[in-house]
Amino acid sequence: MIAPDRVVPTTCPYCGVGCNLELHIKDDYVYKVTSPFEAVVNHGNLCVKGRFGYDFIYNKDRVTTPLIRKKAQAPGARTQAFDRDQWREVSWDEALDYTTDRMVEIYQRDGADAMAVYCCAKATNEDNYLLQKLFRTLFRSNNIDHCTRLCHAGSVVALQMALGSSAMSNTAAEVIHSDLFLVTGSNTAETHPIIALQMKAAVANHGAKLIVVDPRRVEMVNWATLWLPEKPGTDVPLFSAMAHVIVKERLYNHDFIDRRTEGFEDFCKSIEHFTPEYAEAISGVDRNLIIQAARMYATAKNAAIYWALGIPEHSHGTDNAMSLIHLALLTGHIGRQGTGLNPLRGQNNVQGASDSGAMPWHYPGYQRVDEEASARKFEQAWNIEPGGLNRRLGLTTTEILSEVRPGGVRALHIMGENPMMSEPNLNHTRHMMEQVEFLAAQDLFINESGAYADVFLPAASWAEKEGTFTNTDRRVQRVRKALEPRGQARADWEIICDLAGRIEKKLGRQQTSFWAFRSPAEVLEEMGRVVPEYAGVKYSRIEKQGLQTPVWDDNHPGTPYLFAESFPRGRGKFYDIDYVPSVEMPDEEYPFILTTGRLLEHWHGGTLTRHSKLDDLYPHARIEINPADAARLKIEDDQAVRVSSRRGTVVLRAWVTQRTTVGVVFIPMHFAEAAANLLTIDALDPLAKIPEYKACAVRILPAGKEELPPTVTRGRY
Amino acid sequence: MADVTLTIDGSSVSVPAGTTILKAAERLGRRVPTICYHDYCTANGLCRICVVEVDGVKPLLPACLSRVSEGMKVSTSSVRTERSRRTILEMLDSAVDLSEAPEIQKFIGDYHADRARFPEAERREVPVRDDNPMYIRDYAKCILCWRCVQVCADDAQFTYAINFKGRGFDTGIGTFFDKPMPETSCVFCGQCVGVCPTGALKSKREALLEQGVSFDEILQATRGGKKRRRKSP
């Protein structure tokens, strides 16, 4: 029996649930992970990643010394360097001075528009706050974004438009107070496993009813009263038809609509044509199921809607989310316990990174960069001369890479993200990455994106630094330093402050912002002074249990559910939306709809999980294909297949399974050797700029086993 | 719910109806010993270490399950309960490896259990099951407390990968048809590892470290687990 040297409480770095952890450490090794049973978020339960997935900390491939590329890279001819002999080990001084020199040179030559940064939804609030502050105050650029653009941008925009807020309205644990919940576009059991447990308990032990709307037969379907197997991208007709039924059968909440909403009359007219018959013709879902779902949702006492990326990741993602918001506004299932509109956030800190201003259109706290009053406020807070901050909206994640060209974006700093896995249409992304003039990567491993960099800044892992994460239900929780950083790795906030000091000196500006932070606690305090929702979040208050934002002052207890009295924009607003088909529909040449997503065992681009024993559980990519389709194509289980779209081709194994419906295939996004995003389409939602990951057309042909990509040894032991 | 007043070890206490004797005693600061009971699992009264004596009731009652009633007189420590607890500990100790169950070890000392009382007892000796990359199962240490089965089922995970198997002395925890874990519905959440009181379930990393394998060797070990085959629904 091993006696731990210490047991350190912290927060899980994987998904947005924000499970509380205890790291058991012996001789600086995390040999066991437990969770306190009294933890309000997860009650001692964890998933496989949370309990076993931390060996990446010690992986031999982890970079723990600053690196500079041996061969100078020129825009247009930039190459990937995975091998360590293509890099020179350097001191921190050299790495940061080099980064400073190159960035300042480009900034002084080409101006603010040439500078761009990807912040990181895995890093802490403090890390993100500082990095966006660096680019805003020193380079006067708003080209700041992170992967929220690729996940819930559509939901955020729709919620902002309709309600004026953009987070989960309720707490996931409240699901046991729901009589009915509707889960759509979410494979909750695999992507938010602990919230799925609460949902299963609500069904099994508390008598709740579950409606699943999803083109895949995800595990939650096993717990559902109704499953509506829609075709990908047909959410607007389906949910608008539910609204149509609710209006026609007068099941709406008259009182709520009168008191809390606007635009109801026009909305009724706008959904006149969304009959269940019309929705059936488009979505493939039996009209009676749609009618039944509408009645169940409208007549429940407390009904909640939970959704993940199946809703926003479409070229009409904002409309999709809006069609869900309409249902809640019609029925008044919002602003009470056990109800609400709940977008399940993917990354551990995607809520926090957005709150901390890692966004191109907003300062921290969603204060718009193009509003004079908020710009003035931040100029004062950051000690910038009046008019100094850039008032123009910055570029979003996908736009940053598309704008890489002479006269456009020239220098890119990537903290912890991996666009070479996570962007749609990767062949295009590759081309754009090759055009960057200067690229700095700040990460744990040389991933597909970092391999393009000029300089690599080795960051401390989440177990090696202090900070806070904000989880999907807006709870700000502590991340604690359990280990000393490996080698020379440094915490992101320290790297950023050090870099900022050097850049500031080189630029020689008159006025300087504050960078001499001694701890992340001080960073959060500065953030609390400019973000009213975080004003009362102090380290001293969240040592034991996190607080749910908004926390308006030092005595405010936090906010478990939002909108009890009113919406931030006043009245909830109905919008006139119409069905727009996905950009690419199946045809004779490309007859299948490809949809993409995550697996239980892996995490996004795989930088962490594919450097972990988790890779043993699910070691290679597989395409999920329905038995009926497989029989028609004469494809057997585990056989190699070649999957092509108009943009790329991958070869991978087939998994013949009823997890997916006829005509729809699924590829997980984690595997670089058969990257799903080589196939996906880079069509964007016009409002939210989110790409259409969830629907593109592909064709599938049998292939030989020898055509399968070789087992990737890079990233494994 | 209305409050119920009862007497525990001579002290009077009022608790809501439906409270267990165990929780009512905790109100008075009296700690009834428990082994299979876990605050976050359904209580089943399997191990019987928590038995108490109730006036007018002939058998000893498990405190973890029995609900209070008005005027009840409970004794948490009597000659009968002490003898019963001691015997339970002696029987457990005679058959199961309790070396990694410090709480039970402490009870053995507290209750003066005679570790040589059943010298002829057959020990439960089963090989360690090491069939997946995440955790090992060493059922020689299993006291059949049922926690792992319950958290795998309706207490937490709703996955139903493991259950009791066999009868009598051969009762154990197993998978359906004794399949290796990767071939079952197991999702490797390790909820079972989290509630195991005796070290029978343990993260593989921890087990290897105990065997003296260095952490570097553990990390470099070739990929071990069998290929995962997920069942179609």
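The pLDDT is the predictor's confidence in each residue, on a scale from 0 to 100. The views below all show a predicted model.

**Figure 1. Confidence of the predicted complex.** For chain B the mean pLDDT is 92, and 94% of the residues of this chain reach 70 or more. Residues 222-233 of chain B have a pLDDT below 50, although this stretch has 23 contacts in the model beyond near neighbours in sequence. Where pLDDT is low, the predicted coordinates should not be read in detail. For the complex, the predictor gives an ipTM of 0.91 and a pTM of 0.94.

**Figure 2. The contact between chain B and chain A.** In this view, 31 residues of chain B are in contact with 36 residues of chain A. On the side of chain B that touches chain A, at least two residues are supplied by each of helix 5 (191-195), helix 6 (204-210) and helix 7 (215-220) of chain B. Helix 6 of chain B gives the largest share of this side, four residues. Sorted by class, the side of chain B that touches chain A consists of 13 nonpolar, 10 polar and eight charged residues.

**Figure 3. Helix 3 and helix 19 of chain A.** Two packed helices are described by the angle between their axes and the distance between the axes. The axes of helix 3 (residues 125-137) and helix 19 (residues 492-507) of chain A come within 8 Å and cross at roughly 20°. Angles under 35 degrees count as roughly parallel, and helix 3 of chain A is therefore roughly parallel to helix 19 of chain A. The crossing of these two helices of chain A is left-handed. From helix 3 of chain A, the residues Glu126(A), Asp127(A), Leu130(A), Leu131(A) and Leu134(A) meet Asp492(A), Trp493(A), Ile496(A), Cys497(A) and Ala500(A) of helix 19 of chain A. Seven residues of this contact are nonpolar, none is polar and three are charged.

**Figure 4. Helix 8 and helix 11 of chain A.** The axes of helix 8 (residues 235-248) and helix 11 (residues 276-283) of chain A come within 9 Å, crossing at roughly 165°. These two helices of chain A are therefore roughly antiparallel to each other. Helix 8 of chain A passes helix 11 of chain A in a left-handed crossing. Pro237(A), Leu238(A), Ala241(A) and Val245(A) of helix 8 of chain A meet Pro276(A), Tyr278(A), Ala279(A), Ile282(A) and Ser283(A) of helix 11 of chain A. The contact of helix 8 with helix 11 of chain A has eight nonpolar residues, one polar residue and no charged residues.

**Figure 5. An open parallel sheet in chain A.** Five strands of chain A form an open sheet in the order 10-9-8-12-13, with parallel pairing. Strand 10 (226-228) and strand 13 (340-343) of chain A are the edge strands, each pairing on one side only. From one strand to the next, the twist averages 15°. Strand 8 (residues 180-184) and strand 12 (residues 303-307) of chain A pair in the parallel sense over five bridges. Phe181(A) stands opposite Ala304(A) of strand 12 of chain A.

**Figure 6. Antiparallel pairing of strands 1, 2 and 3 of chain A.** Strand 1 (residues 6-11) pairs with strand 2 (residues 20-26) of chain A in the antiparallel sense over six bridges, and Val7(A) stands opposite His24(A) in strand 2 of chain A. Strand 2 of chain A also pairs with strand 3 (residues 29-34) of chain A in the antiparallel sense, over five bridges. Here Ile25(A) stands opposite Val30(A) in strand 3 of chain A. The hairpin of strand 2 and strand 3 of chain A has two residues between the strands, and Asp27(A) takes a positive phi near 50° in this hairpin.

Key
Residues are numbered from 1 along each chain as its sequence is written. Chains are lettered from A and ligands numbered from 1 in the order in which they are written. This is a predicted model: local features need pLDDT of at least 70, side-chain atom pairs count only at pLDDT 80 or more; totals for chains, interfaces and linings use all residues. Two residues are in contact if their C-beta atoms, placed from the backbone, lie within 7 Å. Axes are lines fitted to C-alpha atoms, for helices over the stretch in contact, and angles run from 0 to 180 degrees between N-to-C directions. Angles under 35 degrees count as roughly parallel, over 145 as roughly antiparallel, 65 to 115 as roughly perpendicular and the rest as oblique. A crossing is left-handed if the near helix is turned anticlockwise from the far one by less than a right angle, and right-handed if clockwise. Ala, Val, Leu, Ile, Met, Phe, Trp, Tyr, Cys and Pro count as nonpolar, Asp, Glu, Lys and Arg as charged, and the others, Gly among them, as polar. Two strands pair if DSSP finds at least two bridges between them.
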